[in-house]
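The following briefing concerns a single structure and is arranged by topic. Please consult the sequence and coordinates alongside the text.

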Amino acid sequence: MNSPAGNTLGDVRLNVGLLVACQAMLFTVNSTLIAINGLSGVALAPYASLATLPVTCWIIGAAITTMPASLYMKRVGRRTGLMQGAAIGILGALICAAALWTRSFWLLCFGTLVYGASNAFGQYYRFAAADVSPVDFRATAVSLVLAGGLVGGVLGPTTSRFTVDLVGPRFVGAYLALILFALVTIALLSRIRIPDPTAAEQAASGRPLREIARQPKFIVAVMCGAIGYGVMNFLMVSTPIAMGVCGHPYGDAAFVISSHVVAMFAPSFFTGGLIKRFGVVAVLFAGAALNVVAVGVALAGIAVANFWWSLVLLGVGWNFLYIGGTTLLLETYRPEERARAQGTNEQAIFCMMAVSSFTSGLIVTNAGWERVNLAALPLIGVVLAAITWLWVTQRAARPAGA
């Protein structure tokens with residue numbers, strides 16, 4: 001069977017395998033940046049209140065780049081665009097390292113902003129896998145690519161631990177080490193067999209975005225992806241702070257976050273199969289329900305076990321919502337419309353990440369862990385209502401004899 005891009009089944013397997021490896025490199029970089037951007041900010045910030053600004057700049061860089069990145073890849077092709085996106089990461093690493101050398105906080109913020117642009121390109125690995133896969137393999141392709149994040153979640157913290165003091169000043173070595181992962185990513189992408197877009201494909205525009213965005217499937221797909229990511233980020237960011245306030249040592253907090261990362265990506269090995277067997281709506285329902293249970297466990301107590309179970313359930317719920325939302329989104333656009341549809345989805349996700357990161361810290365430090373979890377419930381309720389609306393809409397549109 002040939003893929004939509006005209007590749008053979010062997011090409012599909014090669015492309016997906018390479019994109020899994022690229023996702024591993026991407027999350028290695030991202031998990032490293034999550035660990036060191038805030039600490040670098042603490043070391044350089046002129047005021048303590050600005051310490052997390054480099055983290056925010058990283059998210060903002062991705063938010064403002066994700067739509068242009070999608071449109072650019074429509075013009076130059078996936079392979080060229082993704083390789084250039086990885087190359088932007090090299091520039092970001094050099095700027096961040098230079099900021100530590102010169103002790104310039106604002107240069108560090110600019111460097112993380114540039115790195116955010118590189119991250120925006122990397123978020124399209126899962127879409128690239130889906131776009132070149134047969135329809136019945138798309139959900140599995142998306143799941144497998146995201147599973148690559150499991151490797152990155154382990155490799156990133158390990159690498160940063162050995163490189164953070166490798167070159168002085170502190171953190172310079174960790175930033176420079178990221179260049180190696182960018183080079184490996186470029187080498188992997190150079191082997192991908194994705195045909196460049198034809199002149200006709202580049203010129204085709206398809207329906208206006210407002211028409212695409214009016215579809216119930218599109219609305220629910222974007223809401224599940226953006227709110228699911230926002231709720232996950234909202235609760236994850238505040239967890240180490242809350243555990244510290246509750247008197248738990250940092251080692252326990254690190255173990256909880258590590259388990260959460262595993263729970264985010266480990267289900268990817270079977271999420272695609274669940275979607276094929278039970279349908280995407282059922283998997284989305286399960287993801288939202290797991291979020292509700294996660295909040296309930298968190299509200300039930302402040303023992304380490306409560307934090308652990310809550311974050312593990314939250315990670316699995318995110319996986320179902322993120323992969324389910326991506327799979328649903330693939331059903332809402334034509335090939336010539338994918339750049340705008342995918343770009344809109346990714347932009348919504350990064351905007352939610354930026355808002356959730358900022359508000360999470362404010363609420364947990366001013367109102368406490370319980371209020372953080374209570375604040376997440378209305379958002380989860382919106383997702384459940386949206387999925388229910390889609391289910392009812394699909395049943396109403398189904399022929400009587402179906």
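Helix α2 gives way to Gly77, which has a positive phi near 100°; helices here are DSSP runs of H or I with at least four residues, numbered from the N terminus. The model is a predicted one, in which local features need pLDDT of at least 70 and side-chain atom pairs count only at pLDDT 80 or more, while totals for chains, interfaces and linings use all residues. Residues are numbered from 1 along each chain as its sequence is written, and side-chain values use heavy atoms, with hydrogens and water left out.

**Helix α2**

- The 24 residues of helix α2 (residues 53–76) span 33 Å from the first C-alpha to the last, close to the expected 34 Å, where the expected span is 1.5 Å times one less than the number of residues.
- Within α2, a kink of about 40° is located at Thr65, shortly before Pro68; the bend is the angle between axes fitted to the seven residues ending at a position and the seven starting there.

**Nonpolar core**

- The largest nonpolar core holds 120 residues; such a core is a set of buried Ala, Val, Leu, Ile, Met, Phe, Trp, Tyr and Cys residues joined through side-chain atoms within 4.5 Å, and buried means under 20% relative accessible area with a 1.4 Å probe, protein chains only.
- Helix α10 (residues 216–245) supplies the largest share of this core, 15 residues.
- The members that touch the most others are Leu19, Leu82, Tyr125, Tyr175, Leu235 and Ile387.
- Beyond its neighbours within four places in sequence, Ile387 is in contact (heavy atoms within 4.5 Å) with Val220, Cys224, Val281, Leu284, Phe285, Ala288 and Leu321.

**Aromatic pairs**

- The whole structure contains 9 aromatic pairs, defined by ring centres within 6.5 Å for Phe, Tyr and Trp (its six-membered ring), with planes under 30 degrees apart counted as stacked, over 60 as edge-to-face and the rest as tilted.
- Phe27 and Phe265 are edge-to-face, because their ring planes meet at 70°, with the centres 4.6 Å apart.
- This pair joins Phe27 in helix α1 (residues 9–44) to Phe265 in helix α11 (residues 250–265), 238 residues apart, and both residues are buried.
- Trp318 and Tyr322 are stacked, at 4.8 Å centre to centre and 20° between the planes.
- Both Trp318 and Tyr322 lie in helix α14 (residues 304–329), 4 residues apart, and both are buried.
- One aromatic cluster is formed by Phe27, Tyr229, Phe265, Trp318 and Tyr322.

**Thr327**

- Thr327 is placed in helix α14 and counts as buried because its relative accessibility is 9%.
- Apart from neighbours within four places in sequence, Thr327 contacts Ala139, Ile275 and Val280.

Note on methods. Buried < 20%, exposed > 50% of the residue type's maximum accessible area, 1.4 Å probe, protein only. Helix = DSSP H or I, 4+ residues; strand = E, 2+ residues; numbered from the N terminus.
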